[in-house]
Amino acid sequence: MSLDKEKIKHVAKLARISLDEAKVNSLTKDLNSIFKFIEQLNELNTDKIEPLTSILNESLRSRKDQISDGKIREKILKNSPQKNEEFFVVPKVVE
Amino acid sequence: MNKEKFDYFINSEKGKYEVIIGLEVHAQVLSNSKLFSGSSTKFGANPNNQVSLIDSAFPGMLPVINEECIKQAVKTGLGLNAKINNYSVFDRKNYFYADLPQGYQISQYKSPIVGEGKVTLDMPYGSKEVGIERLHLEQDAGKSIHDMDPQYTYVDLNRSGIALMEIVSKPDIRSPEEVNAYIKKLRTIMRYLGTCDGNMQEGSLRADVNVSVRKIGDKKLGTRCEIKNVNSIKFMQMAIEYEAKRQVELLDNGKNIEQETRLFDTKKNETRSMRSKEDAHDYRYFPDPDLLPLTLEEKMIDDLKKSLPELPDKKKERFINEYGLSPYEANVLVSEKEISDFYEEVAKLSDKKLAATWMMGDLFAMLNNKGLNISNSPITAKNFAELIQSIKSGEISGRIAKEVFEIMVQSGDNPKKIIESKGMKQQSDPKELEKMINEILTKNKDKVDQYKAGKEKLFGFFVGEVMKLSGGKANPQLTNEVLKKLLKG
Amino acid sequence: MSDLTNKNLKEIVENIKLKKISSLDLTQAYIKNIEGAKKLNTFVTTTFDQALEKAKQFDQKPNYDQILPGIPLAVKDLFCTENVKTTAGSNILNNFVPSYESTVTKNLWDSGAFLLGKLNCDEFAMGSSNETSFFGNVINPIGDQLVPGGSSGGSSSALAANLTPATIGTDTGGSIRQPASFTGTVGLKPTYGLCSRWGIVAFASSLDQAGPMTKTVTDCAIMLEAMSGFDEKDSTSIDKKKEFYSKNLKDNIKGLKIGIPKEYRVDNMPKEIDELWEKGKKILKNLGAQLIDISLPHTKYALPTYYIVAPAEASSNLARYDGVRYGYRSQKSKDLIDMYENTRSEGFGDEVKRRILIGTYVLSSGYYDAYYLKAQKVRQLIKKDFDNNFTKVDAILTPSTPSSAFKIGEKTNDPVSMYLNDIFTVPVNLAGLPALSLPAGVDKQGYPLGLQLIGKPLDEQKILNIGYAFEKNCSFKNKINKWWL
């Protein structure tokens, strides 16, 4: 299969990365060669194979229901590019 | 199911449509800490104060699951008569939003913790079953606040990462009334189980509503629209009514319904398309590599099964059989676990039937007026039972009982004490009554003569006089008997 | 006294314990080296003042029971370090200062070491040459125009140039072993789950593992002992007793069965690599090991599988870099979506964008089954290949890389040729196994080459033992002439 520019633009939209036309062109070229390489997998018949969900043969470990975190607003907000004393601040969302 | 009595349809010039409704209820799990972090879940904290580095998705942060949330989901599943899956997987649901710090929500997609189940609704036209498709665990998002600044949106992550149970119904619901009954039933079950407080004002219970319409007789389901995040039953009902009419109009005009996500505007009372969500339909689910598959041991499920309280359907049946209540009474009295507990305590100490009547009448009216609920009722179950017993034994009349009830509400006092200190005991001694009645008859000789001459209406006058003289304490039945006897003589 | 920075970690620790050198003198010696080696571009951030302070504190109140007593260490800039800028080699984290310390680095500091600085790496560890870093490419001390490998290129370069006595990296598809091979040093990727991932900037969660990079196998054992261990904050951390790898190091490998997989002899492999492999086999055989030919039939599918799984996980792991809570935010935005798109476009470099797009695509509606699900199935086959053979052999010997270090810019225009660098290292990550890269020889240009020992899950001690025996009998000596001075 081949990836056209429209597909790449759509995927970039999903990934929230803006691309100019030149970038779209170079990515189209790169991604097509990468996918050509990836598609070697099609040689393999995997119909009866279980997908691997986890490399560890263990069950999920759980923790006790205790309040052990939080109350660190200053630390949480410290690195934010835009904030006030209580909130993260972002440009308005257009619904 | 009792389909023929069911009567919610949309009639248009071109035909009669039925409305097919499925609900995705998001119920906040009752737990101290969040699903994957140790931050508190308490409602109403200062903004961003219940946020850990995990909830705000700092680089390198990893989730560790809260065992209590797993148990709560299993309990809820058991309460919904559902299949518990001892293998389930957490997936990432990927989309961007300011209040979704990870850029994905940890949820369960292909392998949920709970499978198919069912809920029984009591409708005026009989009982109706609604199928449960699945229940899965997922993280809540934070909150975007759009109205604090004209230019910017503020983000509070206190809710980010709190555990939710998403309970997905089958498209078995057919009317706004059934939506009401379904949500209330779910809430009752979860409150019995202690797995969700069901508080809709605080957002502990919200729903996405799937609506489609089809002409009566059609077998195929129509295209559905999903109305996102509606947080009250009233709004769900309004949204459904609007949406069903909109779809019927489109179909009548030969237009297609587009499958889309819509928003219910509570101010305009209409649903509208959420364009911004359009490309977000591609959530790119995949198993979360930071977590392993969740396996449940049979013993854990068994232990939880054993620990389950008696649930409303069972309890209702028992109330009918054991206490001789009508299905209606039983239904009302099991609607909240606290109410049923109160009732049972009262019923054990007094007359079962009278207790039900008085609870559903005077007690509920009083609580309702005062904006209270059964757990903070000014009258304790024990005192209430004594009041019922006093009525039943004839110690006080119904009328006096209402007075005693009022005083109990004011003072919180024991009814015996009130009756004694205020001398409100019913006069049930025939000799005492005879003495009192003779006195009245003597005083009203003229009226006695008129009565004897055939003016029988005057009987009521004598009763009134007896009540007046006794301060309402005369036993009415006995008064009647004695009066009749003495007037004859 | 002689320059201790030429020595290996074990010797340095001995010198500290014998009080032949103070922690402060040692730290100052490294600072001097680092300041003289700016041309190599190995450091993104230095923490000299803090390090000198820690060294003084150690000297005043030394604790010689610790396994890294008073040792200054530089670490890859993918480990979050408390109050020290952590960039992951990216513009999008250019100004990020964590308020927390990764479990692995904390384990090192708890063993007596302290931070000397943060080492350059490929952006979000995506690269095999350290050319994708926002902070510029790192240079291999082996030669002026050579890449140091990647993604832990700053780590390998700093180690080989004596700018840190040992270091740590992360390995998602070869990011420890390939740079170790390119710089003539030792690198270990531990079993998935042996070292906590908590506090390490994530690339691909099911593949990422932190591990030691050192001058010798003994040093590797010391570092692994210090950094590894169960961490309840990481759900994929293995709950097991701590092992004492350095104390238990043995050079007797008599009777061990070493598998030689035929699929690792790939087309167009330089003759030198083949000769190196033969040399390795001979050494092990002479030490009494038994060589067994084995087959890992799905080896050729490992790299394509990797280039689905890793980007898929990365596309999701990197969604959190959105300019809201930390890091870079574009100022050119009219609304939220615009802000995201510009922030991520300006904040991420080309290779990261490529991988995010690959990952987004393979997970997207209509393509999931054909790519992601397919890859998870093939991953199962690759794991089974190893499982089947590990009933017959104790370890597997392969080359670490298909070539020696290449020139800067040589492969930047052809992503696939760059990806092929990891052809021998990637299967190990997909199967969650431990693997050790050992310097074993040089090519005709004199550039180092490495051999890889792959072990069973949690069999680090055994591959370290084999490596230890190998090292004693290999007589490899790294030749670095400090041309940058």
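Two residues are taken to be in contact if their C-beta atoms, placed from the backbone, lie within 7 Å. In the predicted model described here, 26 residues of chain B are in contact, in this sense, with 33 residues of chain C. On the side of chain B that touches chain C, the elements giving two or more residues are β5 and β10 (152-156) of chain B. That side of chain B consists of 16 nonpolar, six polar and four charged residues.

Chain C also meets chain A, with 50 residues of chain C in contact with 40 residues of chain A. Two or more residues each are given to this side of chain C by the helices α9 (302-317), α10 (336-347), α11 (350-363), α12 (369-389) and α13 (415-419) of chain C. The greatest share comes from α12(C), which gives ten residues to the side that touches chain A. By residue class, the side of chain C that touches chain A divides into 22 nonpolar, 16 polar and twelve charged residues.

The nonpolar interior was examined next. In soluble globular proteins, nonpolar side chains tend to be buried together. The largest nonpolar core of the model holds 235 residues, and the members that touch the most others in that core are Val209(B) and Leu357(C). When residues up to four places away in sequence are not counted, Leu357(C) touches Ile8(A), Val11(A), Ala12(A), Ala15(A), Leu27(A) and Leu31(A).

Chain B is divided into three parts: domain 1 (3-304), domain 2 (337-421) and domain 3 (430-488). Between the C-alpha centres of domain 1 and domain 2 of chain B, the separation is 40 Å. A hairpin is formed by β1(B) and β2(B), with two residues between the strands. Its strands, β1 (residues 9-12) and β2 (residues 15-28) of chain B, are antiparallel and pair over four bridges. Within this pairing, Ser12(B) has Gly15(B) of β2(B) as its bridge partner.

An open sheet of three strands is also present in chain B, with the order β6-β5-β16 and antiparallel pairing. At its edges lie β6 (104-107) and β16 (286-287) of chain B, each of which pairs on one side only. Two bridges join β5 (residues 91-94) of chain B to β16(B) in the antiparallel sense. Asp91(B) has Pro287(B) of β16(B) as its bridge partner. Strand β5 of chain B is also one of the elements on the side of chain B that touches chain C.

In chain B, Ile407(B) belongs to helix α10 (residues 398-411). Ile407(B) counts as partly exposed because 17 C-beta neighbours lie inside 10 Å, whereas a buried residue would require 20 or more. Apart from neighbours within four places in sequence, the contacts of Ile407(B) are with Asp413(B) and Ile418(B). Ile407(B) and Arg224(B) are 183 residues apart along the chain, and their C-alpha atoms are separated by 56 Å.

In chain C, three strands form an open sheet in the order β1-β3-β2, with mixed pairing. The edge positions are taken by β1 (43-46) and β2 (72-76) of chain C, each pairing on one side only. From one strand to the next, the twist averages 30°. Strand β2(C) runs parallel to β3 (residues 114-119) of chain C and is joined to that strand by five bridges. Among the residues of this pairing, Ala74(C) has Gly117(C) of β3(C) as its bridge partner. Helix α2 (residues 23-36) of chain C packs on this sheet and touches β1, β2 and β3 of chain C. The direction of this helix makes about 45° with that of β2(C).

Elsewhere in chain C, Leu256(C) is placed in the loop between α7 (217-227) and β7 (257-261). Leu256(C) has 18 C-beta neighbours inside 10 Å and therefore counts as partly exposed. Residues up to four places away in sequence aside, Leu256(C) touches Ala289(C), Asp394(C), Ala395(C) and Ile466(C). The C-alpha atoms of Leu256(C) and Ala166(C) are 29 Å apart in space, with 90 residues of separation in sequence.

Methods. Residues are numbered from 1 along each chain as its sequence is written. Chains are lettered from A and ligands numbered from 1 in the order in which they are written. This is a predicted model: local features need pLDDT of at least 70, side-chain atom pairs count only at pLDDT 80 or more; totals for chains, interfaces and linings use all residues. Ala, Val, Leu, Ile, Met, Phe, Trp, Tyr, Cys and Pro count as nonpolar, Asp, Glu, Lys and Arg as charged, and the others, Gly among them, as polar. A nonpolar core is a set of buried Ala, Val, Leu, Ile, Met, Phe, Trp, Tyr and Cys residues joined through C-beta atoms within 7 Å. A residue is buried if 20 or more other C-beta atoms lie within 10 Å of its own, exposed if 12 or fewer, and partly exposed in between; C-beta atoms are placed from the backbone. Two strands pair if DSSP finds at least two bridges between them. Domain bounds come from an automatic or database domain assignment. Axes are lines fitted to C-alpha atoms, for helices over the stretch in contact, and angles run from 0 to 180 degrees between N-to-C directions.
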